Amino acid sequence: MSAVQTFVDLLAGRREASTLEPRDWDGVIGIARSEAMLATLAHRLEVADLPPTVAALFADQRAAAAVAQRQALWEAEMARRALAPMGIEFVLLKGAAYAAAGMACATGRQIGDLDILVLATDIRRAENALLNAGWEWVKSDPYDDFYYREHMHELPPLIHKSRDRMIDVHHTILPRTHRITPDALALVSDAVTSASGFAVLNPADMACHCAAHMLADGDLQGGLRNLWDFHSMTWEFVAANRGFWDQLGARARLHGLQDAVQRAARLSRDLYGAVLPAGWNGPETTDCWFRQRLVARDDWGRVTRPLLEQAFYIRSHWLRMPPTMLAQHLWTKWRKR
Amino acid sequence: MRHSIRIAVGPVHFRIGSDWTQPIAALKQLYVSYPQDEARPADATVRLFAARPWRRWVRPSVHIGGDFVVPDALPLPLSMGLLAAEMGMNLQVALGWRRHMLLHASAVARDGRALIMSGESGSGKSTLAALLGEGDWRLMGDEFTLIEPEGGDALAFPRAVSLKNEAIAEVAARVDAARLGPLMTGTPKGDIRHLIPRADAIAAMHEPARPALLLFPRFGGEAAIESMGEGEAFVRLTEASTNYVALGEAGFAALTRLVRETPAFGVSYPDSATGIALVEQLWAEAAK
């Protein structure tokens, strides 16, 4: 059995850790690291029967993830202190939001940049407030800057000059030029306050954003982690609210994200064993390409199937912008090489 | 991958894969006397690979990959494959290891107590450690020293010592040629030749040592010793640590304790013999 399959099975709870041969762990650990999920796996297998050196490595990962999470929430607090005096409200997105809301998928999850969502009408003031509070532009060229401002769903990334941490300030969750336009006003106005006091998307919107980020925006790099987020959060939301799938369906239609959300649900069923309600199990012949892309890693952690990877890369651009604009963009980028 | 090897250095177990046989063969020669545990799962993965299939043969160039990668890192020619492997191993430890606080520092030990030397590349910390390790010191490592966050002990990372430029002849004159790796000339870091640590240093690689003296050597200039305050030592070591920030409070506590409990000095020296004499002098005072 391939290492990536073993990794997925361990996460899904289909396979006992004690059934692995010692050397099977090489590939599992390598893949988990490549997917930035080693601490997630370490939490899943916290009480499993492991070789002593693997148990020690996993304990390191859990401790490190706890520190990283505290640092990520501190960064959110820093953003709050910069924006709150200006009366700018913001909603945490992705990793920091999951941590702020104390969700299961946050345990061990790597959190990169701080992602926040503000109203489009506040974006200029948010930019100024952050610049005044010590964030600065990551050096980029004028075309990239123009591109972000004209066409993207976020400001060009800002980095804090003393803490060296990045912040992405979004005004919606998909590029402006994307074929799909989610209702950004609804995302912000229907946000909820988490236990830690930070605003986060409501459960259905959070799952919509997760699916959009994974399937409508990117090229499925890091897809196993995004899919794990989706699987874990939907499981948690359903446990708290039996009507969750219906609400998710309704909300996905509002944002135009029903295809992405339904596909994410089917993929989480196929890979991680999610149980879906009637009406969500519809057959979809193209799912197989997504499944293959998600598990395209060998036991050295290398991406296999470069053509499939390339195809998903092209697809991500195809979704993001109309063809003539795509041609212009690629031409500019190519000339700058 | 086509060729691979497993290497244990201190607490870290590496698996190194390569598209070519040469780097693996060179590693085998350097690490043949290290303890082998074929069944132990690896903590870290290093990959040496050709960016395009034909580049395995046509102007072969070695890209360094693994669990952690540096974007835009330049590849090395195949003749420097061993250096690529060394850089790959360092990278995985520097970016991935969390069990201990990592100091970019060399260390030697005597009577269960450690002398830790931190400095920029070119400060002579590797050369001093290598030369001391040929005397009555145990070489703990020339690149990383690991500090145990709970107890404060130093742990060894005795990889093959990376000798550079003038240090090569200086050390080669004193050791058995069988303990030296191939000479690599004209690398981005100058000439490089590896030294296999003495058998006793390898055998003792899991034995902790109590930090007793912190030195910040500087090669060149008049012989001088300058006592260093806790604050300066602390700041210098935060810069010398690759995971101080990632360890959070545990890193702060470990580093605070290290600089509070360990006397620190800046040392300038014009040549190795003087450097060693100054080290021995400070040790005699510190280790009283």
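Me: In which sense do β12(B) and strand β13 (residues 190-195) of chain B pair, and over how many bridges?
Reply: β12(B) and β13(B) pair in the antiparallel sense, over 2 bridges. Pairing here requires at least two bridges found by DSSP between the strands. Helices (H or I, at least four residues) and strands (E, at least two) are DSSP runs, numbered from the N terminus.

Me: Before going on, what is this model, and how are things numbered?
Reply: It is a predicted model: local features need pLDDT of at least 70, side-chain atom pairs count only at pLDDT 80 or more, and totals for chains, interfaces and linings use all residues. Residues are numbered from 1 along each chain as its sequence is written, while chains are lettered from A and ligands numbered from 1 in the order in which they are written.

Me: Back to β13(B). Which residue there is the bridge partner of B:Met184?
Reply: B:Ile192.

Me: What is the order of the open sheet of 3 strands in chain B?
Reply: β11-β13-β12, with antiparallel pairing. The edge strands, β11 (161-164) and β12 (184-187) of chain B, each pair on one side only. On average, neighbouring strands are turned by 35° against each other, direction ignored.

Me: Which helix packs on the sheet?
Reply: Helix α3 (residues 125-134) of chain B, which touches β11 and β13 of chain B and makes about 115° with the direction of β11(B). Axes are lines fitted to C-alpha atoms, for helices over the stretch in contact, and angles run from 0 to 180 degrees between N-to-C directions.

Me: Where is the hairpin, and how many residues lie between its strands?
Reply: β1(B) and β2(B) form it, with 2 residues between them. B:Gly10 in the turn has a positive phi of about 55°. The strands, residues 3-9 and 12-18 of chain B, are antiparallel over 7 bridges, and B:Ile7 stands opposite B:Phe14.

Me: What about chain A and chain B: how many residues are in contact?
Reply: 20 residues of chain A are in contact with 17 residues of chain B, contact being C-beta atoms, placed from the backbone, within 7 Å. On the chain A side, α2 (24-34) and α4 of chain A are the elements giving two or more residues. α4(A) gives the most, 10 residues. That side divides into 10 nonpolar, 5 polar and 5 charged residues. Nonpolar means Ala, Val, Leu, Ile, Met, Phe, Trp, Tyr, Cys and Pro; charged means Asp, Glu, Lys and Arg; the others, Gly among them, are polar.

Me: And at what angle do α12 (residues 258-272) and α13 (residues 287-294) of chain A pack?
Reply: About 60°, with their axes 11 Å apart. They are therefore oblique to each other (under 35 degrees is roughly parallel, over 145 roughly antiparallel, 65 to 115 roughly perpendicular, the rest oblique).

Me: Which residues in α12(A) meet α13(A)?
Reply: A:Arg263, A:Arg266, A:Leu267, A:Asp270 and A:Leu271 meet A:Asp287, A:Phe290, A:Arg291 and A:Leu294 in α13(A). The contact has 4 nonpolar, no polar and 5 charged residues.

Notes. Two residues are in contact if their C-beta atoms, placed from the backbone, lie within 7 Å.
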